[in-house]
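Hello,

Here is the structure I promised to pass on. Please look it over first, then read my notes below.

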Amino acid sequence: MLKANDPALHSWIEISPGSDFPIQNLPFGIFETDDRDPRVGVAIGEYVLDLCAVARLNFFELIDIDPNVFHRPYLNDFIALGKPTWRAVRNRVSALLRNDNDEISGSSDMIDKCLVKQSDVRMLMPVKVGNYTDFYSSIEHATNVGTMFRDPKNALLPNWKHIPIGYHGRASSIVVSGTDIRRPNGQTKAPDADAPTFGPSRLLDFELEVAFITGKETKLGETITPNEADNYIFGLVLFNDWSARDIQTWEYVPLGPFLAKSFASSISPWVVTLDALEPFKVKGPVQDPKPLPYLEFSGNHNYDINLEVLIQPEGAAETSICHSNFKYMYWNMNQQLAHQSSNGCNIQVGDMYASGTISGSDKGSYGSMLELTWRGTQPIKLSDGTERKFINDYDTVIMRGYGERNGIRIGFGEVKGKVLPAI
């Protein structure tokens, strides 16, 4: 067991039992306040530990690290220091926050310098994303989509069980939770129309995903095996891959998603480390046929993370519409990263790799409106009495996720975005 994961640990900070951020989590993010410029922080209960302040007070003096690495607008420089440093900093933060440690807790002045209420901070993009890949790795989702749009008896394309399907997406339009999303305009063609038209998307959708962030680089031509991948993955965030289904239907042949996806993707602000998620590793689905040797792995690399999607209309209460789980993924993160690098593509610090829509086997676990309403033919009723086939203007989509084991809940917080009308 990793020292910072010990279920017996308790913090001198009062943390509610249902918090996503107990002392066993300690996710990293970038925050600012009215009197603190952008910097690195760690979530603990309802507070943020200011690592810039902690470092300048010499609490990391036994770790060979420049305190200024925490005074940055992105985590990239810290992540680039490597896994031994990530682990050392997380262990030291854990020690400082333990209920038997008074290095910070013993002084009200130290507490004021190092701790900020989460309600008083503005969370920023945690990483500068250089490259973004979106995978298509849920067999249930792929089967549902193939059933809707192709032959139900041959829902999966011939390559799907042999290769982690993905595409290179738009990194510049990935935004942090709380950022409003503008309904995109685009070219669509009705089935009975002679020609396409241009205008606002009518079939705006979410996709429930989890994304991992790489923290170690490779050189052009180098590859990563699935069993090596853990050393390259810093942590995970929740990911909403907003999708304009009507634009996508018209444009995706022959090269796949383009403008239907690139207008926005939303992520949660706290990066939960792979170390913190170690207790939630589980065996994934049986892969049949057996993957090619470069995709073979040992051990468990799926994660038991409960996922939920809610819709909140303007001025109304939120309604939970989906409960899924990250453990359903057919292709795991390690295989995805191995496949990404298998042709010699170089991996960079801060790259983001989204899982693809995460759907389970029952309707309540489908990770998109496309599936939940079956192309709009089975509308969902919300708590305010209204119905949804897809996402309306002024709807807010909220995603939450957490793992729970041995009485310890490791959560991601949430990712949310409100849809504004097209311009």
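Start at Asn-406, which is exposed, with a relative accessible area of 63%. (Exposed means over 50% relative accessible area, buried under 20%, and partly exposed in between, using a 1.4 Å probe and protein chains only.) Asn-406 has a positive phi of about 55°, although it is not a glycine. Most residues other than glycine have a negative phi. Asn-406 sits in the loop between β25 and β26.

Some ground rules. This is a predicted model, where local features need pLDDT of at least 70 and side-chain atom pairs count only at pLDDT 80 or more, while totals for chains, interfaces and linings use all residues. Residues are numbered from 1 along each chain as its sequence is written, and side-chain values use heavy atoms, leaving out hydrogens and water.

**The sheet around that loop**

Strands β25 (residues 396–405) and β26 (residues 408–420) pair in the antiparallel sense over nine bridges. Two strands pair if DSSP finds at least two bridges between them. Arg-405 has Ile-408, in β26, as its bridge partner. Both strands belong to an open sheet of five, in the order β9-β26-β25-β20-β21, with mixed pairing. Its edge strands are β9 (181–182) and β21 (319–325), each pairing on one side only.

**The whole chain**

The protein chain has nine helices and 26 strands. Both are DSSP runs numbered from the N terminus: helices are H or I of at least four residues, strands E of at least two. The radius of gyration is 22 Å, close to the 22 Å that the globule rule gives for 423 residues, so the chain is as compact as a globular protein of that length. (That radius is taken over C-alpha atoms; the rule is 2.2 Å times the number of residues to the power 0.38.) Along its principal axes, the C-alpha trace spans about 70 × 55 × 35 Å. Of the 423 residues, 55% count as buried. Among contacts between residues at least 6 apart in sequence, 71% join residues at least 24 apart. Contact means heavy atoms within 4.5 Å.

**A covered helix**

How many residues of helix α8 (residues 333–341) are buried? Nine of its nine are. Among them are Met-333, Leu-337 and His-339. What covers the buried residues of α8 includes β6 (132–135), β13 (208–214) and β14 (233–240). At the start of α8, a side-chain oxygen of Asn-332 comes to within 3.0 Å of the backbone nitrogen of Asn-334.

**Cysteines**

There are zero disulfides in the structure. (A disulfide is a pair of cysteine sulfur atoms within 2.5 Å.) Cys-52 is in none; the nearest cysteine sulfur, that of Cys-114, is 10 Å away. Cys-52 counts as buried, at 1% relative accessibility. Cys-322 also counts as buried, at 1% relative accessibility.

**Backbone points to check**

Most peptide bonds are trans. The bond from Val-253 to Pro-254 is cis, with omega near 10°. Pro-254 lies in the loop between α6 (245–251) and α7 (259–262). A cis bond also joins Asp-288 and Pro-289, with omega about 10°. Pro-289 is in the loop between β18 (281–282) and β19.

Trp-374 has a positive phi of about 50°, although it is not a glycine. Its place is the loop between α9 (369–372) and β23 (380–381). Trp-374 is partly exposed, with a relative accessible area of 26%.

Best regards

Key:
Polar contact = N/O pair within 3.5 Å; in protein donor to acceptor, adjacent residues only side chain to side chain.
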